[in-house]
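Hello,

Here is the structure I said I would pass on. My notes on a helix pair and a pocket follow below.

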Amino acid sequence: MPAAPELVVLVDQQGRPLGALPKDQAHHGDTPLHLAFSVYVFDGAGRFLATRRALTKQTWPGVWTNSCCGHPGPGEDVAAAARRRLRQELGLEVGPLEPVLPGFSYRAVAADGIVENELCPVFFARLDGAAPSVVDADPAEVAEWRWVPWPSFRTVALTAPWVLSPWAAQQVRQLPP
């Protein structure tokens, strides 16, 4: 039996659910506002896990970005969805999630005309213990990854935002140094 399609939660400007659509039907040239999330993972030394999107991703393939992002399903708690995606995409279990930009939203148009239009709470996550030397990244999601000093990543977002995903460039400008 084929797997059920991943659903995204459509929301109004106040974040109230309006319904759901299959992910592949929700992202197009006139994408409705929907719920998402972004996570920035830090190790005990304060390094940040930067990821480069898989080359097969529909939007912004091969672009460096935050550690993990995704969409909660209908009725799924956003933090629980973030933990689920961290396990699926990176094989990581993290400590508490800290909401750092709970009301972040953005709209961006990809080169192929597909629009991202998301209410996207942003979380910081800390690893319990040392950073793994190898991250179990799903190749369908992540082309490569690196532990980098947060100030360095922040400098890139502030001085060369075009090398990052549009959501990461916008988020990092609003996050603490």
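Contact here means heavy atoms within 4.5 Å. The model is predicted, so local features need pLDDT of at least 70 and side-chain atom pairs pLDDT 80 or more, while totals for chains, interfaces and linings use all residues. Residues are numbered from 1 along each chain as its sequence is written, and side-chain values use heavy atoms, without hydrogens and water.

Helix pair. Helices (DSSP H or I, at least four residues) and strands (E, at least two) are numbered from the N terminus. In α3, W150, F153, R154, A157 and L158 meet A169, V172 and R173 of α4. By class, this contact has 6 nonpolar, no polar and 2 charged residues. Helices α3 (150-159) and α4 (166-174) pack at about 115°, with axes 9 Å apart; they are therefore roughly perpendicular (65 to 115 degrees).

Pocket. A pocket is an open set of points on a 1 Å grid where a 1.4 Å probe fits, with protein on both sides within 12 Å along at least five of seven lines; lining residues have an atom within 4 Å of a point. The largest pocket holds about 440 Å³ of space. Its lining has 28 residues, with K23, R53, K57, H71 and E116 nearest the centre. Strand β7 gives the largest share of that lining, 3 residues.

Regards

Conventions. Grid points are joined across faces, edges and corners, and a volume is the space filled by probe spheres set on the points. Axes are lines fitted to C-alpha atoms, for helices over the stretch in contact, and angles run from 0 to 180 degrees between N-to-C directions. Angles under 35 degrees count as roughly parallel, over 145 as roughly antiparallel, 65 to 115 as roughly perpendicular and the rest as oblique. Ala, Val, Leu, Ile, Met, Phe, Trp, Tyr, Cys and Pro count as nonpolar, Asp, Glu, Lys and Arg as charged, and the others, Gly among them, as polar.
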